[in-house]
Amino acid sequence: MWTHSAGNPGELAVYQRIISDFNSSQTQYKIVQQNFPQGSYNDAITAAAAARKLPCLLDMDGPVMPNWAWAGYLQPLGLPDDLIKTLLPTTVGRYKDTVYSAGYWDAALSIFARKSVLDKNQIRIPTAEKPWTLDEFDAAVTKLKANGYATPLDLGAADKGEWWSYAYSPMLQSTGGDLINRATMKSADGVLNGPDAVKFFTWFQQAFKNGWADNAGPVGNQRFIDNKVALSYTGVWNAKDALESVGNDLLILPPVDFGKGPKIGGGSWQWGISAGCKSTDGARAYLKFSFQDKYLTAFADSQVVIPSTTAAAAASKYFGDSAPLHPFAVLSQKFALARPATPGYPVISSTFEKAAKDIMSGADVKPALDTAVQAIDTDIKSQNGYGF
């Protein structure tokens, strides 16, 4: 009654522990695990849905959940409200105000820096309470470039796919724009091509023209580890390697405030129950059992991801109050914003990626954004508003 995108050995070991504990704790239900390779996971789910062979429990990337709910793959999750309320908001998946999914962890973005480098260049170390303003950030990268870093900033622009929306739409939102009008979910006009969006993407383009950033790669955080860039905009998944390489000199800094408050992306893999599940009570019993804090902490420490409850984070060797990666837990709580909960999100994301890459490469900002808005709105209209 289970399907899952195959993960790393530590993650799978925790799942096996939960399944064993659950199956040993009672005799009414039994969980059987089935894995699909992550690269073909969504295609496998689509094929199973078409054949009406979906298992009861489905693992999914949070942003695609509304599309699966709209397509009829999922039923409301039905877990107790008191459990849902303990979870980080970005680990709970809703479509039209109904909860369809929930996750054990979240990821978070940060700017990695070396304290010694900022101190040497007399650059203020920002805090969650007082992040860098955009003017401060621009001044910092300008100084770092002048003082020896040919490319002071790694924005991760060599990456592709969902990274682009996850990484750069929070900067757009911090400027005052967005991927879609979240009040209606019916149009991107005015938010993805309005004055705030033009302002952000003008800055984004300028960052590459100025040589502050490039898209040369490699993907990941290696250039920061090698001290070839001074600042790296990256995620919690790269934190352990950075910590091992940089040690106590590592700073995990908050996102830049582009004018309307700092933002980072939120929402990772989550669990749902298929619409055709014949053992709904068993599926819910298992999920409720699996959300115990001890398991969430185990996931966090085996994968270096942020637990979805405060209690689980407090017990984590990485994210507890005095732990080395605790700043990520703070950033996730204070600044994380889920991607728009609309079935049209896959089209929104791919359209955003194309527009942002075109702008990075020198395209005129406003026309590129207008083209993106037209593509998104045309898709929404073709699907009768995706239920909104």
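Trainee: Is phenylalanine 258 buried or exposed, and what is its relative accessible area?

Mentor: The model is a predicted one, and the accessibility of a residue is computed from it. A residue counts as buried under 20% relative accessible area. Phenylalanine 258 falls under that cut-off, so it is buried, with a relative accessible area of 6%.

Trainee: Which kind of aromatic pair do tryptophan 203 and phenylalanine 258 form?

Mentor: A pair of aromatic rings is described by the distance of the centres and the angle of the planes. The ring centres of tryptophan 203 and phenylalanine 258 are 5.1 Å apart, and their planes stand at 85°. Planes over 60 degrees apart count as edge-to-face. The pair of tryptophan 203 and phenylalanine 258 is therefore edge-to-face.

Trainee: How many residues apart in sequence are the parts that this pair ties together?

Mentor: Tryptophan 203 belongs to helix H8 (residues 195-209), and it is buried at a relative accessible area of 8%. Phenylalanine 258 lies in the loop between strand S11 (250-253) and strand S12 (264-266). The pair therefore ties together parts of the chain whose separation in sequence is 55 residues.

Trainee: Which cavity has phenylalanine 258 in its lining?

Mentor: The structure holds two cavities of 30 Å³ or more. One of them has a lining that includes Ile111, Phe137, Tyr233 and Phe258. By class, that lining has nine nonpolar, one polar and one charged residues. With about 80 Å³ of space, this is the largest cavity.

Trainee: Which elements give two or more residues to the lining of the second largest pocket?

Mentor: The second largest pocket holds about 320 Å³ of space. Among its 20 lining residues, Pro89, Val92, Ala338, Arg339 and Ala341 lie nearest the centre. The elements that give two or more residues to this lining are helix H3 (65-70), strand S5 (92-95) and strand S15 (336-338).

Trainee: How many nonpolar, polar and charged residues line the second largest pocket?

Mentor: The classes are counted over the lining of the second largest pocket, which has 20 residues. They come to eleven nonpolar, six polar and three charged.

Trainee: Which residue has its charged end over the ring of phenylalanine 224?

Mentor: The charge in question is 4.6 Å from the centre of the ring of phenylalanine 224. A distance within 6 Å of the ring centre is one part of the rule for such a contact. The residue whose charged end sits over this ring is arginine 114.

Trainee: Are aspartate 154 and arginine 223 buried or exposed?

Mentor: These two residues form a salt bridge, with the closest N and O atoms 3.6 Å apart. Aspartate 154 is in strand S9 (residues 153-154) and arginine 223 in helix H9 (residues 222-225), so the pair ties together parts 69 residues apart in sequence. With relative accessible areas of 4% for aspartate 154 and 11% for arginine 223, each falls under the 20% cut-off and therefore counts as buried.

Trainee: What separates aspartate 358 and lysine 354 along helix H15?

Mentor: The side chains of aspartate 358 and lysine 354 meet in a salt bridge of 2.8 Å, N to O. Aspartate 358 is partly exposed at 30%, whereas lysine 354 is exposed at 54%. Because they are four residues apart in helix H15 (residues 345-360), their separation is about one helical turn.

Terms used
Residues are numbered from 1 along each chain as its sequence is written. This is a predicted model: local features need pLDDT of at least 70, side-chain atom pairs count only at pLDDT 80 or more; totals for chains, interfaces and linings use all residues. Side-chain values use heavy atoms; hydrogens and water are left out. On a 1 Å grid over the protein atoms alone, a cavity is a set of points where a 1.4 Å probe fits but cannot get out, and a pocket is an open set with protein on both sides within 12 Å along at least five of seven lines; lining residues have an atom within 4 Å of a point. Grid points are joined across faces, edges and corners, and a volume is the space filled by probe spheres set on the points. Ala, Val, Leu, Ile, Met, Phe, Trp, Tyr, Cys and Pro count as nonpolar, Asp, Glu, Lys and Arg as charged, and the others, Gly among them, as polar. Rings of Phe, Tyr and Trp (its six-membered ring) pair if their centres lie within 6.5 Å; planes under 30 degrees apart count as stacked, over 60 as edge-to-face and the rest as tilted. Buried means under 20% relative accessible area, exposed over 50%, partly exposed in between (1.4 Å probe, protein chains only). A charge sits over a ring if NZ of Lys or CZ of Arg is within 6 Å of the ring centre and within 35 degrees of the ring normal. A salt bridge is a side-chain nitrogen of Lys or Arg within 4 Å of a carboxyl oxygen of Asp or Glu.
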